[in-house]
Structures are given as C-alpha cells and as structure tokens.
Amino acid sequence: MSEQHASPYASRAAVHEQELDGFGTVRVLPLDAAADAAVIHRWVSEQRAAFWGMNGLTPDQVAGIYAHMDTLDTHHAFLVVKDGEPVALLQTYDPEADRVSECYDVEPGDIGVHLLLAPAGTEGARPGWTAALAGSLMAYVLLGLDRKRLVVDPDVDNEKAIARFLKQGFTAGPAVVLPEIDLPDVYLPEKKAQLAFLRREVAFGG
C-alpha cells in the first residue's frame with residue numbers, strides 16, 4: 001500500500017522533504033494544532049517527556065498551546081513524518097523573541113530549536129536512527145531556512161538529550177537559568193538549561 005493511501009499526512013504540504021538512502025522519506029509538516037493534538041498529547045504526557053513541561057495537560061490544552069503558537073511570527077511548530085508515520089515534534093524560534101536571549105549573546109542568523117522524538121516503536125531502539133532524522137531536520141533549519149547557527153536549551157538534568165546534541169556536533173555553552181514567564185497567554189516556570197550551539201559550517205562544511 002502506498003503512502004498516499006496509507007497515511008493521513010500524505011495530502012498535507014511539507015516545508016521540507018528529503019529521501020535518505022537506507023532510512024526513508026522525511027517530511028516536515030506545519031503542525032495542525034487541532035488535527036495533531038492527539039498525537040502530540042500522547043507524546044508529551046509520557047514521563048520521559050517531563051522536561052517538555054506538558055505532563056498533566058489535556059489534549060484540548062495542548063491544542064490550545066499550539067493554536068496560540070500558530071499566531072506568532074517568531075515561534076513555529078512542525079510534525080515530522082517518516083514514511084507516513086509521525087516520529088517527532090520540531091519547534092523553531094527566533095532567540096531574540098525568546099527568554100533564552102536574556103542568557104546569551106544572540107548572533108545574527110541564530111535560530112532556536114526544540115525537538116521531541118516519538119517513543120520507539122515495537123522494534124525498540126534503532127542504532128543510527130536518531131542521527132539520521134536529526135541530520136535531515138538540521139538540513140531544513142540551517143540550509144532550508146538559511147540560518148547560521150542552531151541554539152538548543154535542554155534542561156540541565158536531561159543528560160540524554162545533552163549527550164545526543166554533543167554527539168551530533170554541538171558545542172556546549174554555559175549552563176543558565178531561563179527566567180520565569182508569566183503572561184496572560186503563556187506561563188513558563190524558571191528553567192535551568194544547558195545551552196549548546198551548532199554552526200552551519202560545522203554541520204555541512206563550507
């Protein structure tokens with residue numbers, strides 16, 4: 001059965017599509033807050049996603065967060081689909097418009113990224129799978145969006161994520177405290193984060 005018939009995502013326009021030999025076809029779709037809420041809620045409700053800060057929220061609350069994000073010009077959310085199956089949530093943001101800007105010197109061409117991987121399927125962990133997927137997403141963000149440097153800010157206690165970024169070529173920056181945000185539309189508690197950076201020439205040369 002082809003992806004066209006097998007996947008409800010096949011008809012949705014992608015901002016990035018890449019076929020990777022031996023891995024599959026990766027498509028990056030603008031997140032549909034209503035249509036994708038159930039999938040995202042399932043991922044962010046798991047204990048392994050506690051660092052994402054959405055444990056305990058209802059599907060409607062998750063949909064509301066992403067519906068609000070969809071009104072912003074500086075923050076964007078995407079559903080990453082591999083061979084017709086949703087495999088990750090990607091968020092990009094302009095660091096100048098984010099609390100992280102209070103914690104480091106933003107450079108022209110910086111773009112912030114948050115990445116939440118779907119739980120491993122029935123086959124369990126797959127060696128090289130995360131690196132292949134991340135490589136495709138970095139190509140979209142750095143090359144497709146023409147940005148010079150990726151910025152990530154995983155929780156300082158999220159050792160697994162930090163190790164994954166460093167393995168992918170990121171350089172560790174300072175450990176910082178992202179300030180609390182308490183606005184009518186959004187509340188974010190204070191967060192102790194480990195900054196890390198990846199320049200385009202390091203990832204792709206040139």
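Mentor: The lining of the largest cavity consists of Leu-90, Val-113, Leu-115, Ala-134, Leu-137, Met-138, Val-141, Leu-150, Val-152, Phe-165, Gln-168 and Phe-170. This is a predicted model, in which local features need pLDDT of at least 70 and side-chain atom pairs count only at pLDDT 80 or more, while totals for chains, interfaces and linings use all residues. Residues are numbered from 1 along each chain as its sequence is written, and side-chain values use heavy atoms, with hydrogens and water left out.

Trainee: Which element gives the most to the lining of the largest cavity, and how many residues?
Mentor: Helix H4 (129-144) gives the most, with four residues. Strand E5 (110-117) and strand E6 each supply at least two. Helices (H or I, at least four residues) and strands (E, at least two) are DSSP runs, numbered from the N terminus.

Trainee: How do the residues of that lining divide into nonpolar, polar and charged?
Mentor: There are 11 nonpolar, one polar and no charged. Ala, Val, Leu, Ile, Met, Phe, Trp, Tyr, Cys and Pro count as nonpolar, Asp, Glu, Lys and Arg as charged, and the others, Gly among them, as polar.

Trainee: Why does Thr-58 count as partly exposed?
Mentor: Buried means under 20% relative accessible area and exposed over 50%, with partly exposed in between (1.4 Å probe, protein chains only). Thr-58 has 37% relative accessibility, and therefore counts as partly exposed. Thr-58 lies in the loop between H2 and H3.

Trainee: Why is strand E10 (residues 191-199) described as largely enclosed?
Mentor: Seven of its nine residues are buried, so the rest of the structure largely encloses E10.

Trainee: What joins E6 (residues 149-152) to E10?
Mentor: Four bridges join these antiparallel strands, and strands pair if DSSP finds at least two bridges between them. Arg-149 has Arg-199 as its bridge partner in E10. Strand E7 (residues 171-178) also runs antiparallel to E10, joined by six bridges.

How values were computed
1 Å grid on protein atoms, 1.4 Å probe; cavity = no way out; pocket = protein on both sides within 12 Å on 5 of 7 lines; lining within 4 Å.
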